Amino acid sequence: MARDPETTAAIRASLAVGLAVAAYGISFGALSVAAGLDVWQTCVLSLLMFSGGSQFALVGILATGGAAAGGAAIASAALLGTRNALYALRVAPFIGVRWPLRALAAHWTIDETTAVSTAQPTLAGQRAGFWWTGAIIYVGWNLMTLLGALIGDLLGDVSQYGLDAAAAAAFLGLLWPRLRQLQPVVVAIGAAVVAAVLTPALPPGIPVLAAALVAVIVGLTNWLGPKPGKLGPMSDSAAVPR
Amino acid sequence: MTVWQIIILASIAVLAIKLVGYLIPPSLVERPTPARIANLLTVALLAALITVQTLGVGQGIQIDARVPALIVAAGLFALRVPFILVVIAAAAVAALIRLVF
């Protein structure tokens, strides 16, 4: 089967990004088990939720608050997933209108599929970029989650191995590519201060949700933001993995 | 709520939000303000999660081996070291400090 060069280029980009990203499913699996979930629960989360940031957030809050913090954990995971709806708007035009396909595309609408597909110059390349990246990451992320969970299960006492610090580093890795402008940097610092100040006062999980208000306030007022027109539709292509 | 119920509910919520993007007309949210808030929400939540994960102990704040580990991680991300290696390095730094002190 002959492929046009744009499609070949898109598939190559998918492979590079997909394999790199799938590899860190292993850290999610290990951290999830460290947070107190069992291997099955960890794997179901990767299969059904399939959005790295939301998954890390959910197990991070369950790690400190347990099942009692369930409401805050669900809310944090959902709020972290709101950007996926924006990604969906961007990829929907080249996904087509057939519904079984759209439902699968929705499940695979994440940072990486959006970044790879929207970076392609042709329609065929965009389609190939989306589906190849989605398939590679879906299979890889779930296999690596299982592997990580099994390793985490073997490790036992986690703070001895520094897995709690690994979780913080994982969040930092998701945040890092988004800090290229002044406004997100200020929001990050503000949210960190709010979370630190409120942690002793409120139940686990709630300080994280309260910190989200910083984003809403700065976002509504556009304080320190780029001038209108500068914020192009591709502004969150900062999500392109390293 | 049991952990299983939390997992299922949260997964449904995250998938529903993805589907919403395919159902609503783009003109409704492609405007700058909702898009900006959604992007900043991600930043704020991640920053708050980093803080709680680095300083939190249950319902308190404590400075320990996690702080130098996070500083090392930040330095490595700045040097564009791949995600998985940074995460391993952060774990190693914290583990090493705990071993020595």
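User: In this predicted model, why is B:Arg98 called partly exposed?

Analyst: B:Arg98 has 16 other C-beta atoms within 10 Å. A buried residue needs 20 or more and an exposed one 12 or fewer, so with 16 B:Arg98 is classed as partly exposed. The residue is found in helix H5 (residues 83–100) of chain B.

User: Which residues is B:Arg98 in contact with, leaving aside its neighbours within four places in sequence?

Analyst: They are A:Gln160 and B:Ala65. The criterion for such a contact is C-beta atoms within 7 Å.

User: How do you know that the length of helix H11 (residues 182–198) of chain A agrees with expectation?

Analyst: The helix has 17 residues, and at 1.5 Å a residue these should span 24 Å. Since the end C-alpha atoms of H11(A) are 24 Å apart, the two values agree.

User: Which residues of H11(A) are buried, and what covers them?

Analyst: The buried residues include A:Gln183, A:Pro184, A:Val187, A:Gly190, A:Ala191 and A:Val194. Their cover includes H10 and helix H12 (206–221) of chain A, together with helix H3 (32–55) of chain B.

User: How many residues of each domain take part in the contact between domain 1 and domain 2 of chain A?

Analyst: Domain 1 of chain A supplies 21 residues and domain 2 of chain A supplies 15 residues. The side of domain 1 that touches domain 2 divides into 13 nonpolar, five polar and three charged residues. The centres of the two domains, taken over C-alpha atoms, are separated by 21 Å.

User: What makes up the side of chain A that touches chain B?

Analyst: The contact takes 88 residues from chain A and 69 residues from chain B. On the side of chain A, 13 residues come from helix H10 (residues 163–175), the largest share. That side divides into 60 nonpolar, 22 polar and six charged residues.

Methods. Residues are numbered from 1 along each chain as its sequence is written. Chains are lettered from A and ligands numbered from 1 in the order in which they are written. This is a predicted model: local features need pLDDT of at least 70, side-chain atom pairs count only at pLDDT 80 or more; totals for chains, interfaces and linings use all residues. Two residues are in contact if their C-beta atoms, placed from the backbone, lie within 7 Å. Helices (H or I, at least four residues) and strands (E, at least two) are DSSP runs, numbered from the N terminus. Ala, Val, Leu, Ile, Met, Phe, Trp, Tyr, Cys and Pro count as nonpolar, Asp, Glu, Lys and Arg as charged, and the others, Gly among them, as polar. The expected span of a helix is 1.5 Å times one less than its number of residues. Domain bounds come from an automatic or database domain assignment.
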